[in-house]
Amino acid sequence: MRVFSSIDELRHTLDALKRQGRTVGLVPTMGYLHAGHMELVSRARAENDIVVVSIFVNPLQFGPAEDLSKYPRDLERDAAMLKQAGVNFLFSPGVEDMYPRPMLTVVDVPDLGHELEGAVRPGHFAGVATVVNKLFNIVQPQTAYFGEKDYQQVVIIKRMVDDLAVPVRVISVPTVRDGDGLALSSRNVYLSAEERRAAAIVPQTLDEAERLVADGLTDAKELEAKLMEFLGREPLAKPEVVAVRDASTLEPVGSIEEPVVVALFVRFGSTRLLDNRVVRSNRIAGVIGGKGQPGRGVTK
């Protein structure tokens, strides 16, 4: 595995390989890798000749009161994991490599990015869309891989790719979970032992959402209220977002007539956990991951 920090050196190396007809898959990450990231890598390895993994803690997507300086980092550990997984290139630029001067250009998808998580993290998704678009321009992959845990992020990136005619297939990969159902996340290391036990209420709430909809509940507001009440069983859980939205557009819905995504954004102490699930009533035919949803194997 070769490690790059220079944009020009990575581009030069990849250009030579592409001229040989080699296909390139990109897995963008912020590092401190876990099994969820490695599932993305595995999928990329299976579908491409060359796999590039980027590790970059992007300051544009952190708000002034957020944990940029405290975000967990261990590049040596990450590099060892990626090498063992058969990754060809690790792109690990510094801030000065990605942003040699203050950015005046921003990529934003405001109708999608200002909702849900974006409502409590203003500017977050503009930072995400900007850095992902820049990584796409640097690597110019045929395919790029993102985890469904960040469902809103996947929807936004897919819309950005469509709107800007970026020649990249966006592949979403199902969330990898721990034994108690908690979605794997680099932020889980911030949880105390007590908070970690309490955090199991998040996937349990998604289970409850699925049960309620399967039992016939179709009123979205009633479902949100019931899920808020369910989360209230855990004193350490402080819900910031409990929302039922159209699974394709993230728009609010009144009645659950089409697949919906149940989005949760819950704080435990100083740590925010994000999770989601696409659910549908028994009256809706088909399988999760249909047209327009960031479900299993869906591309742009």
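Phe136 is buried, because its relative accessible area is 3%, and Phe146 is buried as well, with a relative accessible area of 4%; buried here means under 20% relative accessible area, exposed means over 50%, and partly exposed lies in between, with a 1.4 Å probe and protein chains only. These values come from a predicted model, in which local features need pLDDT of at least 70 and side-chain atom pairs count only at pLDDT 80 or more, while totals for chains, interfaces and linings use all residues. Residues are numbered from 1 along each chain as its sequence is written, and side-chain values use heavy atoms, with hydrogens and water left out.

Rings of Phe, Tyr and Trp (its six-membered ring) pair if their centres lie within 6.5 Å, and planes under 30 degrees apart count as stacked, over 60 as edge-to-face and the rest as tilted. By this rule there are 4 aromatic pairs, including the two in the table.

| Pair | Centre to centre | Angle between planes | Arrangement |
|---|---|---|---|
| Phe56 and Tyr99 | 5.8 Å | 65° | edge-to-face |
| Phe136 and Phe146 | 6.4 Å | 75° | edge-to-face |

The pair of Phe136 and Phe146 links helix H7 (residues 124-139) with strand S5 (residues 143-147), the two residues being 10 residues apart. Helices (H or I, at least four residues) and strands (E, at least two) are DSSP runs, numbered from the N terminus.

Two strands pair if DSSP finds at least two bridges between them. An open sheet of 6 strands, with parallel pairing, has the order S1-S4-S3-S2-S5-S6. Strand S1 (2-4) and S6 stand at its edges, each with a single partner strand, so one side of each is left without a neighbour in the sheet. Neighbouring strands of this sheet are turned by 25° against each other on average, direction ignored. Within this sheet, S3 pairs with strand S4 (residues 89-91) in the parallel sense over 3 bridges, and the bridge partner of Val53 in S4 is Leu90. Helix H1 (residues 7-19) lies across S1, strand S2 (24-29), S3 and S4, and runs at about 150° to S4; axes are lines fitted to C-alpha atoms, for helices over the stretch in contact, and angles run from 0 to 180 degrees between N-to-C directions.

Another open sheet has 3 strands in the order S7-S8-S9, with antiparallel pairing. Its edges are strand S7 (237-246) and strand S9 (271-279), each of which has a single partner strand, so one side of each is left without a neighbour in the sheet. The twist from one strand to the next averages 15°. Strand S8 (residues 260-268) and S9 run antiparallel and are joined by 9 bridges, and Phe268 has Thr271 in S9 as its bridge partner. Helix H10 (residues 201-214) packs on this sheet and touches S7, S8 and S9, its direction making about 20° with that of S9.

Ser185 is found in the loop between strand S6 (169-173) and helix H9 (193-198), and Ser185 is buried, with a relative accessible area of 17%. Not counting residues up to four places away in sequence, Ser185 touches His34 and Lys149, where contact means heavy atoms within 4.5 Å.
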